[in-house]
Amino acid sequence: MAAQPRQGAQSVQDPAEPSLVAVALDLAGVAHVPRRAGWEEAAACARVDPGLFYPGQGGTVRPALRVCAACPVRRECLRFAIENGELYGVWGGLSEEQRRRLRRRARQLLRAGEARGG
Ligand code: SF4
């Protein structure tokens with residue numbers, strides 16, 4: 001979801017976790033997406049009810065994911081969400097749960113690397 005229509009979104013970035021962000025970006029396949037100013041202007045969700053992207057408990061994210069699937073800046077959006085620790089709502093074609101799993105997997109990989117001394 002573009003940053004502009006996301007009023008009320010909570011960004012929970014832990015500055016102590018830059019390596020977690022790096023691994024998560026890599027897992028999501030957006031580590032090499034360039035940071036491009038103004039990407040939000042091309043957001044497919046800019047003219048869509050923002051509530052779609054925050055369906056709440058028991059709601060469905062499918063309509064939001066359909067919007068994201070046709071969005072020309074999906075990768076930029078996902079990169080933004082991961083870098084900014086966006087916990088809530090659909091961003092970049094991923095639901096809250098999907099991004100949570102991504103962070104969990106990144107954490108596991110980091111721990112495994114630490115266990116091997118890496
Ligand atoms: S990927 Fe989805 S949430 Fe992100 S800008 Fe596009 S439509 Fe909005």
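Predicted model: local features only at pLDDT ≥ 70, side-chain atom pairs only at ≥ 80, totals over all residues.

Trainee: Okay, how many helices and strands are in the protein chain?
Mentor: Four helices and zero strands. Going along the sequence, the pattern reads α-α-α-α.

Trainee: And how do H1 and H3 sit relative to each other, what's the crossing angle?
Mentor: H1 covers residues 18–28 and H3 covers residues 74–83; their axes come within 9 Å and cross at roughly 155°. Because of that angle, H1 is roughly antiparallel to H3.

Trainee: Is that crossing left-handed or right-handed?
Mentor: Right-handed, for H1 and H3.

Trainee: Which residues make the contact?
Mentor: On the H1 side you've got Val21, Ala24, Leu25 and Ala28, and H3 brings Leu78, Arg79, Ile82 and Glu83. Sorted by type, the residues of that contact are six nonpolar, two charged and no polar.

Trainee: Switching topic: how many residues are in the largest nonpolar core?
Mentor: That core has 23 residues, and Cys71, Cys77 and Leu78 have the most contacts inside it. Leu78 is also one of the H3 residues in the contact with H1.

Trainee: What share of the protein chain counts as buried?
Mentor: 29% of its 118 residues.

Trainee: Last one: what about contacts between residues 24 or more positions apart?
Mentor: Those account for 75% of the contacts in the protein chain with a separation of 6 or more.

Key. Residues numbered from 1 in each chain as written. Axes fitted to C-alpha atoms, helices over the stretch in contact; angles between N-to-C directions. Helix = DSSP H or I, 4+ residues; strand = E, 2+ residues; numbered from the N terminus. Parallel < 35°, antiparallel > 145°, perpendicular 65-115°, else oblique. Left-handed = near helix turned anticlockwise from the far one by under 90°. Contact = placed C-beta atoms within 7 Å. Nonpolar A, V, L, I, M, F, W, Y, C, P; charged D, E, K, R; others polar. Core = buried A, V, L, I, M, F, W, Y, C linked by C-beta atoms within 7 Å. Buried ≥ 20, exposed ≤ 12 C-beta atoms within 10 Å, placed from the backbone.
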